[in-house]
Amino acid sequence: MNAIILAAGEGKRLRPLTNDRPKCLIEFFGKTLLDRQISIMRRCGIEDICVVTGYESHMFKDKKVDYIHNEDFFKSNMLKSLFCAEKKILDSTIVSYGDIIFEEKVLRKLIDSKENYSIIIDKNWKDYWSTRFENPIDDAESLTVNENNFITEIGQKVNNISKINGQYIGLMKFQKDAIKKIKAFFTRCQISYEQNGINILNPQISFDNSFMTDFLQGLIVEGEKLKAIEIENGWLEFDNIEDYKLYTKKDSYEKINRFYDIDD
């Protein structure tokens, strides 16, 4: 099993912290987000770790990690970054966004899944979102699952909380038959865009700007079964400077610690 961490973005919403560094290299209680991820991965036995870099790539120093550079980081998104590292999508590959941190129990639950497609979702998302946002539904996206816990819709804007059975956190695993299928599907979508100029994953944006959720929704439409691996908290997202201020202000330790064990 190996892991790919997607860390190419500029992190504009986290400025000024990201004026001179990628967002995964900002510090949170004495450790960078990247160090926290790598530490958990190694504790779970994952040594083959690749980081997809872009913005301020010279800042990455860990010589025990592989790096692949997304040269188009300034005009592309997570999906493009993942397939910059296509050669590292192997027999069983964990993919993580670079702006999240998670506890060991979360990663172990993902590792233990036998499904071809395993997507971590937070069932207790509303409690966490309510701490971050005045109106949680303004930032939340759709994620519905069927009676067998396979995802039926993901990544759409919603105005009804019934369309949210959990929240996607940016942590997933592809293995076995899924490896060949995601590579073939990506290639087919890319060729279609090059030939007719229409992004079949999301017609409103260019193919290089496709979101990971666009790709996952496309796989669902194709008939693939994406298993929702449920957790209840145990992670944090660093999406913007307001998140960072909330997590690190003087009286926030206990409040945040109930969502993520800072000392894990």
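Biologist: Where is the place of L79?
Modeller: L79 has its place in helix 2, where helices (H or I, at least four residues) and strands (E, at least two) are DSSP runs numbered from the N terminus. This is a predicted model, in which local features need pLDDT of at least 70 and side-chain atom pairs count only at pLDDT 80 or more, while totals for chains, interfaces and linings use all residues. Residues are numbered from 1 along each chain as its sequence is written, and side-chain values use heavy atoms, with hydrogens and water left out.

Biologist: Does L79 count as buried or exposed?
Modeller: At 1% relative accessibility L79 counts as buried, given that buried means under 20% relative accessible area, exposed over 50% and partly exposed in between, with a 1.4 Å probe and protein chains only.

Biologist: And what does L79 touch, leaving out residues up to four places away in sequence?
Modeller: With those left out, L79 touches F186, L201, S210, F211, M212 and F215, where contact means heavy atoms within 4.5 Å.

Biologist: How many residues does helix 5 have, and what does it reach from end to end?
Modeller: Helix 5 spans residues 177-196, which is 20 residues, and reaches 29 Å from its first C-alpha to its last, close to the 28 Å expected at 1.5 Å a residue; the expected span is 1.5 Å times one less than the number of residues. After helix 5 comes G197, whose phi is positive, near 75 degrees.

Biologist: At what angle do helix 5 and helix 6 cross?
Modeller: Their axes cross at roughly 105 degrees and come within 11 Å, the axes being lines fitted to C-alpha atoms, for helices over the stretch in contact, with angles running from 0 to 180 degrees between N-to-C directions. That makes helix 5 roughly perpendicular to helix 6, a term used for 65 to 115 degrees, whereas angles under 35 count as roughly parallel, over 145 as roughly antiparallel and the rest as oblique.

Biologist: Which residues meet there?
Modeller: I182, F185 and F186 in helix 5 meet F215, G218 and L219 in helix 6. The residues of this contact divide into five nonpolar, one polar and no charged, where Ala, Val, Leu, Ile, Met, Phe, Trp, Tyr, Cys and Pro count as nonpolar, Asp, Glu, Lys and Arg as charged, and the others, Gly among them, as polar.

Biologist: What about helix 4 and helix 7, at what angle do they pack?
Modeller: Helix 4 (residues 125-132) and helix 7 (residues 241-248) pack at about 95 degrees, with their axes 10 Å apart. That makes helix 4 roughly perpendicular to helix 7. Y128, T131 and R132 of helix 4 make the contact with D243, L246 and Y247 of helix 7, and the residues of that contact divide into three nonpolar, one polar and two charged.

Biologist: Switching to the sheet, in what order do the strands come?
Modeller: Seven strands form an open sheet in the order 5-4-1-6-11-8-12, with mixed pairing; two strands pair if DSSP finds at least two bridges between them. Strand 5 (66-69) and strand 12 (226-231) stand at the edges with a single partner strand each, so one side of each is left without a neighbour in the sheet. From one strand to the next the twist averages 25 degrees.

Biologist: How does strand 8 pair with strand 12?
Modeller: Strand 8 (residues 117-122) runs parallel to strand 12, joined by six bridges, and within strand 12 the partner of D122 is I231, while that of I121 is E230. With strand 11, strand 8 pairs in the antiparallel sense over five bridges, and S118 stands opposite K173 there.

Biologist: Which way do the residues of strand 8 point?
Modeller: Y117, I119 and I121 point one way and S118, I120 and D122 the other, and all are buried. Helix 3 (residues 104-112) lies across strand 6 (92-97), strand 8, strand 11 (167-175) and strand 12, at about 40 degrees to strand 11.

Biologist: How many residues of strand 4 are buried?
Modeller: Five of the five residues of strand 4 (residues 49-53) are buried, so strand 4 is largely enclosed by the rest of the structure. Strand 4 pairs in the parallel sense with strand 1 (residues 2-7) over five bridges and with strand 5 over four.
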